[in-house]
Amino acid sequence: MKNELLNKYFKEIKEKTGGDNTSCSDIIDYENGSSITKSEIEEEYYKYLDLQEEIDDYIEFNDLDDVKDEKTIKEHFQNSIDIEYFELNQAVLKDFVSYMITKIEKEKLMQN
């Protein structure tokens, strides 16, 4: 991943999740004590791309449509990804920043 893109994602995620990086420029800290590092964001990015490819391959292999066959596709992936990571009314993942925001907010709720 190019450093510029990683920095862009890091900044967007920090701003949209209410985090700060006053303790370290490469870590986003949250009020509940949790944090995420730039390297963790980069790792999640590659996992996201792999998952996106897996979904695309499944759709193509089974000759499905990401809108018309949304329910079938989401059901197939229900054990590997929660439905809130998908776009509404489509079987495609949210964009990466929105995906990470959902993931971070969900983790923050689980810690409370």
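This is a predicted model: local features need pLDDT of at least 70, side-chain atom pairs count only at pLDDT 80 or more; totals for chains, interfaces and linings use all residues.
Residues are numbered from 1 along each chain, and side-chain values use heavy atoms, without hydrogens or water. Local features require pLDDT of at least 70 and side-chain atom pairs pLDDT 80 or more, whereas totals for chains, interfaces and linings use all residues.

Helix α4 (96-111) comprises 16 residues and spans 23 Å between its first and last C-alpha, close to the 22 Å expected at 1.5 Å a residue. Its buried residues (under 20% relative accessible area, 1.4 Å probe, protein chains only) are F96, V97, Y99, M100, I101, T102, K103, I104 and K108. These pack against α1, β2 (35-37) and α2.

The largest nonpolar core contains 27 residues, of which I13, I41, I55, I81, L93, F96 and Y99 touch the most other members. Two or more residues each are given by α1 (3-17), α2 (38-61) and α4, with the largest share, seven residues, coming from α2. Beyond its neighbours within four places in sequence, I13 is in contact (heavy atoms within 4.5 Å) with I28, Y30, I41, F96, V97, M100 and I104.

The axes of α1 and α2 come within 10 Å and cross at roughly 105°; the two helices are therefore roughly perpendicular (65 to 115 degrees). At this crossing, L5, L6, N7, Y9, F10 and I13 of α1 meet K38, I41, E42 and Y45 of α2.

Conventions. A nonpolar core is a set of buried Ala, Val, Leu, Ile, Met, Phe, Trp, Tyr and Cys residues joined through side-chain atoms within 4.5 Å. Buried means under 20% relative accessible area, exposed over 50%, partly exposed in between (1.4 Å probe, protein chains only). Helices (H or I, at least four residues) and strands (E, at least two) are DSSP runs, numbered from the N terminus. The expected span of a helix is 1.5 Å times one less than its number of residues. Axes are lines fitted to C-alpha atoms, for helices over the stretch in contact, and angles run from 0 to 180 degrees between N-to-C directions. Angles under 35 degrees count as roughly parallel, over 145 as roughly antiparallel, 65 to 115 as roughly perpendicular and the rest as oblique.
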